[in-house]
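I set out to look up the cavities and the salt bridges in this structure. My entries follow.

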Amino acid sequence: MDNAAIIAGYSARLAFAQSSDGLSDGLKAGRCVSKARWFSSDEAARQCGLSNNGFVARLPAPVKDTGTWVSELMVGALAHGGLDKHHLTGENVRVYLTGLGPRVDVADYLAFYDHNDVEDVTLTRSVQNLHVANMSQDKLAHHVATAFDLKHLPPNLHCTSNSSLAAVHLGIQAIESGNVDVVMVVNCSLITTQDISFLTSQGMLGGDTVQPFGANGQGVLFAEGGCVMLLESARHRYARQMADGVRLTSVYTQTSAGRSNDGAQLSANLLKVMNKALEQADICCGDLAAIIPHGNGSEASDKAEALALASFPGESTVPVLAYKGQIGYTSTGSGIVDLIIGHQALCQKTLLTPVGTGPIRENVAPYVLLNQGQITHNKRHLLKVGLGVDGSVIGVVMSENAAAS
C-alpha cells in the first residue's frame with residue numbers, strides 16, 4: 001500500500017474555466033463553454049481547402065509564451081498539493097509532457113506551397129513564423145527541465161485523445177514499482193489550423209450542436225486548454241503526514257491502429273478493460289459512483305462506447321457522466337480534465353450532471369445523466385475510460401480513502 005498512487009494536486013486553464021475551482025463552479029452553474037467559428041468566414045475556410053468552418057472553444061487570450069504558461073500550471077498544481085518546486089528535483093521524480101508542444105500554424109505559410117519569392121517572404125510577415133524556434137518540442141522540455149531543476153528530461157507523449165491519460169497510466173505504474181514517489185503529467189492543448197483540417201477530414205467537425213452519445217451526434221467541440229495532474233506515492237504522503245486521498249489504479253490495452261475504427265473490436269476491448277479495471281481494484285459495478293467515459297461526440301467512437309456501456313452495468317445501473325458537449329473536448333488533455341472532475345465528485349460526495357440537448361442513443365439512454373443538477377452519493381469509487389485513435393484503451397479506477405478530505 002506504500003506504493004499506491006495518490007492524487008496530490010492539479011491545475012487547469014481551459015476554454016471553459018481558468019482554474020480547477022472554476023471548472024467545478026461552472027459545472028454547478030450549468031454553464032456551457034463559449035464557442036466560435038475557427039475561420040473568420042466560410043470563404044477563408046474554403047481557401048484552406050475545407051468545406052466546413054467548424055466551431056471551436058478558444059482560450060480567453062492567446063498563449064504568448066508556452067514555456068511560461070506551462071510553468072505556471074505546474075506551480076499551481078504543486079501549490080494545490082502542498083508542495084513546491086524543490087519537490088520535483090529528486091531522482092524519485094518523473095515529469096511527462098503531453099500534447100504537441102510549440103507548433104507553427106499552416107495558415108501562416110499555406111500560400112507559399114505553390115509559389116514564393118524573396119519579395120513574398122519580405123512582405124508577408126506571417127511566413128516569418130515558420131522558424132525552428134517556434135516548432136521545437138525539445139525546447140519546451142528543456143525549458144521545463146531547467147526551470148524546475150529536473151534530473152530527467154521530460155518525454156513528450158502524443159497519442160491523440162489518450163495522451164494525458166496514457167502518461168497518468170505510466171505514472172501510476174512508476175509509483176507502484178516502488179522506485180518513484182512523485183509524478184507530474186503536464187498537458188498543453190493549443191489549436192492550430194492543421195488540427196481543424198485533420199478533424200474535418202475525419203468527419204469530426206460536422207455539427208453545430210455537440211452531444212456525447214447523442215442519437216443525432218455528428219462531431220466534437222474542439223477546445224483549447226492546459227492542465228496538470230500531480231501524483232504522489234502513499235509512502236511520500238505519510239512522510240508529509242497527509243491523508244491517503246484518492247488512489248488511482250489503471251489498466252491499458254493496445255489495439256492495432258488500423259482497427260481503431262472497427263466498432264465491434266473497439267467495443268469488445270472497452271468492455272474487457274472496464275471489467276479488468278474493476279477486478280484489479282477489487283470492486284464491483286455497484287461500488288461505482290459513476291463512469292466518466294471518453295464520450296467526445298464523435299459518432300464512430302460514441303457508438304462503440306455506448307455498446308460497451310450498455311453491456312457493462314448488468315444488474316446495477318451506474319450513472320454515466322459525459323461532459324465534452326458542455327465544456328469542450330480538450331484534445332490530448334481531456335483525460336486529466338475528467339480525472340479532476342472525478343476527484344471533486346468523490347471528495348465532495350456530489351455528482352455534477354452535465355447539461356445537454358437532444359435525444360441520447362437508445363441503448364445507453366438509461367445510464368447517461370443530463371440536466372439533473374447536483375446529485376449526492378455515498379460511493380467511494382469512480383471509473384474513467386479513455387480512447388485514442390492510435391488504438392489505445394485505458395481504464396482508471398479512482399478510489400477514495402475513508403480518511404480523505
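For residue classes I count Ala, Val, Leu, Ile, Met, Phe, Trp, Tyr, Cys and Pro as nonpolar, Asp, Glu, Lys and Arg as charged, and the others, Gly among them, as polar. The model is predicted: local features need pLDDT of at least 70, side-chain atom pairs count only at pLDDT 80 or more, and totals for chains, interfaces and linings use all residues. Residues are numbered from 1 along each chain as its sequence is written, and side-chain values use heavy atoms, with hydrogens and water left out.

Entry one, the largest cavity. I took a cavity as a set of points, on a 1 Å grid over the protein atoms alone, where a 1.4 Å probe fits but cannot get out; lining residues have an atom within 4 Å of a point. The lining consists of Tyr323, Ile341, Gln344, Ala345, Gln348, Thr350, Leu351 and Leu352. I classed five of these residues as nonpolar, three as polar and none as charged.

Entry two, salt bridges. In one of them, Arg235 meets Asp181 with the closest N and O atoms 2.7 Å apart.

I found Asp338 in a salt bridge with Lys324, at 3.2 Å between the closest N and O atoms. Asp338 also forms a salt bridge with Lys384, at 2.7 Å from N to O.

Methods. 1 Å grid on protein atoms, 1.4 Å probe; cavity = no way out; pocket = protein on both sides within 12 Å on 5 of 7 lines; lining within 4 Å. Salt bridge = Lys/Arg side-chain N within 4 Å of Asp/Glu carboxyl O.
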